Amino acid sequence: MSARWPTIRMIVNGEQRGIQAPPMKRLLDVLRQDLHLTGTKEGCGEGECGSCSVRMNGELVNSCLIPVLQAQGAEIQTVEGLAPKLEPGGTLHPLQEAFLACGGAQCGICTPGMLMAAAQLLETHPRPTLAEIREGLAGNLCRCTGFMRIFESVLAASTQASQPALRQAHHAR
Amino acid sequence: MRGNPETHELVAPGSLAAVLHLMAVEPGAWTPIAGGTELMVAHAAGRLNAPKLVSLWGVPELRFVHATDESIVVGAGATFADLRRSALITEELPLLAKAASWIGSIANQSRATLGGNLVNGSPAADSSPALLVYDAEIEIISARDSRRIPYHKFHTGYKRNALAVDELLYAVHLPRRFGHHRQYLRKVGTRRAMAISKVALGATAFIETGVIREIRLGAASLAAFPTRLHRTEDALLNKPITNDLIQTGRNAILTEALPIDDIRSTAEYRRRVAANLLEEFLFELLGVEKRP
């Protein structure tokens, strides 16, 4: 059945992947169903909530709004690709550490998207102001935290020096 | 996800010539899709009425911002992130840069294109008031021809435009002669980010010794499509800026605006806010920060 679909090649989290899929299949569904990268979540499915945020060729995008054919040849980073090698005893990305330490993650549905939007923000604004954080995350909705702890998490992650302090705060809980 | 991806064909020929060729061979059969921020929403909801789509994403000839002596030219495939990053836009066309920053979120701005915003033709389109008051021209291309029309003649009805079935919006030309104009753009929505406009008003005016020598007003959500407010402009043109003139302007826009009631707002609210926005701009021209 899949023979009639084109082969789409992408670099996903640094690895060359090829899948066969209908060209109008959403990148979100290809990530979750074909590549089993279920960290990326579906919220609204219409580009309003940011749960499905991933990075494509260095830009933040909503994977629910991308026909997979348009990802042909692209470099995709999902939440699974944030920390280099996630295994027991491995290290988390500073943003993940900060979300843990500051209570930035609660139910978890928005968290992967928040992390990707925050990672994008820190790349363009390594020391963001609160206003810049608010703008960078404005497309990502959270119904648990009231946002303040997420903003605090991003601020904390942007302050390199606070990393040991963050870990300490986390372990003290 | 109610749509079925298997029922849609999507091709990506990769070059402008190849896209135009497809559209010439089967006129009307192919729906162009750029960043997908509109059509993919329809697709997810199962209401995408487009069996055959041709991708404009990644067509290099459509994604550019460059300057000639007279104009800044923006390719239809330039994203709103491209516009925000372009020094030409932020320095010379600040209203367009501001509008670009209002489009959805960062993730929407990295995909949504200027051409897509215009062809989609929402009455609330964020980029439209700025383009109207900068007197933009639209360059349209097909395999047979290319032509230019004023942007204020591009929209012809609710979600209808001047494109023939084999034509593509190629570029937007923005004249570089507004540097000495007073400029204004304000959007009123439900929240600061991710909101679709209830009302937006843009304005440019050239003032000479207290007299309005040139004025353009462009509005979103005051009619079935983004429009210039020619009659309100006429009521203000060649008049000295006074408190009386501000009242004249209010009356004119209240008469000319034809908004509707919908899920986002009411016609009455939109008319009043439009008049308040115009008043705010005219008070700025008068040199008064706030209403006395």
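**Helix packing, a hairpin and a chain interface**

In chain B, helices α10(B) and α11(B) are roughly antiparallel to each other, a label given to angles over 145 degrees, whereas those under 35 count as roughly parallel, 65 to 115 as roughly perpendicular and the rest as oblique. This is a predicted model, in which local features need pLDDT of at least 70 and side-chain atom pairs count only at pLDDT 80 or more, while totals for chains, interfaces and linings use all residues. Residues are numbered from 1 along each chain as its sequence is written, and chains are lettered from A and ligands numbered from 1 in the order in which they are written.

**Helix pair in chain B**

- Helix α10 (residues 243–256) and helix α11 (residues 267–286) of chain B pack at an angle of about 150°, with their axes 9 Å apart; axes are lines fitted to C-alpha atoms, for helices over the stretch in contact, and angles run from 0 to 180 degrees between N-to-C directions.
- The crossing of α10(B) and α11(B) is right-handed, meaning that the near helix is turned clockwise from the far one by less than a right angle, with anticlockwise giving a left-handed crossing.
- Among the residues that make the contact are B:Ile246, B:Ile253 and B:Leu254 of α10(B) and B:Ala274, B:Leu278 and B:Phe283 of α11(B), where contact requires C-beta atoms, placed from the backbone, within 7 Å.
- The residues of this contact divide into eight nonpolar, one polar and three charged, with Ala, Val, Leu, Ile, Met, Phe, Trp, Tyr, Cys and Pro counted as nonpolar, Asp, Glu, Lys and Arg as charged, and the others, Gly among them, as polar.

**Hairpin in chain B**

- Strands β6 (residues 137–141) and β7 of chain B pair in the antiparallel sense over five bridges, pairing being assigned if DSSP finds at least two bridges between two strands.
- β6(B) and β7(B) form a hairpin with four residues between them, and B:Glu137 has B:Pro150 as its bridge partner in β7(B).

**Chain A and its interface**

- Chain A has six helices and five strands, helices (H or I, at least four residues) and strands (E, at least two) being DSSP runs numbered from the N terminus.
- Of the 173 residues of chain A, 49% count as buried.
- 26 residues of chain A are in contact with 24 residues of chain B, and β4(A) gives the most to the side of chain A that touches chain B, with four residues.

Technical notes:
Two residues are in contact if their C-beta atoms, placed from the backbone, lie within 7 Å. A residue is buried if 20 or more other C-beta atoms lie within 10 Å of its own, exposed if 12 or fewer, and partly exposed in between; C-beta atoms are placed from the backbone.
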